[in-house]
Amino acid sequence: MSHPLDRIDRQMLSLLQADGRLSVAEVARQVHLSATPCLERLRRLERDGYIRGYAADLDPALLGAGLIAFVEVQLDRTTPDVFNRFRDGVIGLKPVQECHMVAGGFDYLLKVRTADMGAYRRFLEDLAALTGIEQTHTYVVMEEVKSTRAIPIDAR
């Protein structure tokens, strides 16, 4: 059961979201707590699932994943077994950063990162091998204007 967030919890989440490498002592200093109650709050936030993990923000271009594409996927049928097979298959495709089931003119929206168009073409072959796909439409990103994983946190 999640504990309701207060102003200090929200401040801590904002600080850690901006810099997950902050020490407990630094977070405590910035939210005006001593280290022990700050650590207890931090552990509670982790235990309650508000903090799911910590990660480094990597540069995709330097790591050979500079091409971004969004792919609309329309399935041939909208039945639970087709949804489950697609979900299980797409989870195993490494270039897929995000996969969202959506309402509208298609069933899923994928965010894909590859090195270049050749790598994207190879990815499309792997995607097409999944059963149940009727058609796809690809939108290649020309310029990434904004990209963030930050969740808006109301300071209250």
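Predicted model: local features only at pLDDT ≥ 70, side-chain atom pairs only at ≥ 80, totals over all residues.
The protein as a whole has five helices and four strands, and 28% of its 156 residues count as buried.

**Helix α1**
- Helix α1 covers residues 7-18, which makes 12 residues.
- Its end C-alpha atoms lie 17 Å apart, in agreement with the 16 Å that 12 residues should span at 1.5 Å a residue.
- The buried residues of α1 are Ile8, Asp9, Arg10, Met12, Leu13, Leu15 and Leu16.
- In an α-helix, residues three or four places apart point the same way because there are 3.6 residues a turn.

**Order of elements**
- Counted from the N terminus, the order is α-α-α-β-α-β-β-α-β.

**Overall dimensions**
- The radius of gyration of the protein is 20 Å, whereas a compact globule of 156 residues would have one near 15 Å.
- Along the principal axes, the C-alpha atoms fill a box of roughly 55 × 40 × 25 Å.

**Contacts**
- Among contacts with a separation of 6 or more, 65% join residues 24 or more positions apart.

**Surface and charge**
- The protein carries 20 positive and 22 negative charges.
- The mean positions of the positive and the negative charges are 6 Å apart.

Technical notes: Residues numbered from 1 in each chain as written. Heavy atoms only, no water. Helix = DSSP H or I, 4+ residues; strand = E, 2+ residues; numbered from the N terminus. Rg over C-alpha atoms; globule rule 2.2 N^0.38 Å. Buried < 20%, exposed > 50% of the residue type's maximum accessible area, 1.4 Å probe, protein only. Contact = heavy atoms within 4.5 Å. Lys, Arg positive; Asp, Glu negative; His and termini not counted. Charge placed at Lys NZ, Arg CZ, Asp CG, Glu CD. Expected span 1.5 Å × (residues − 1).
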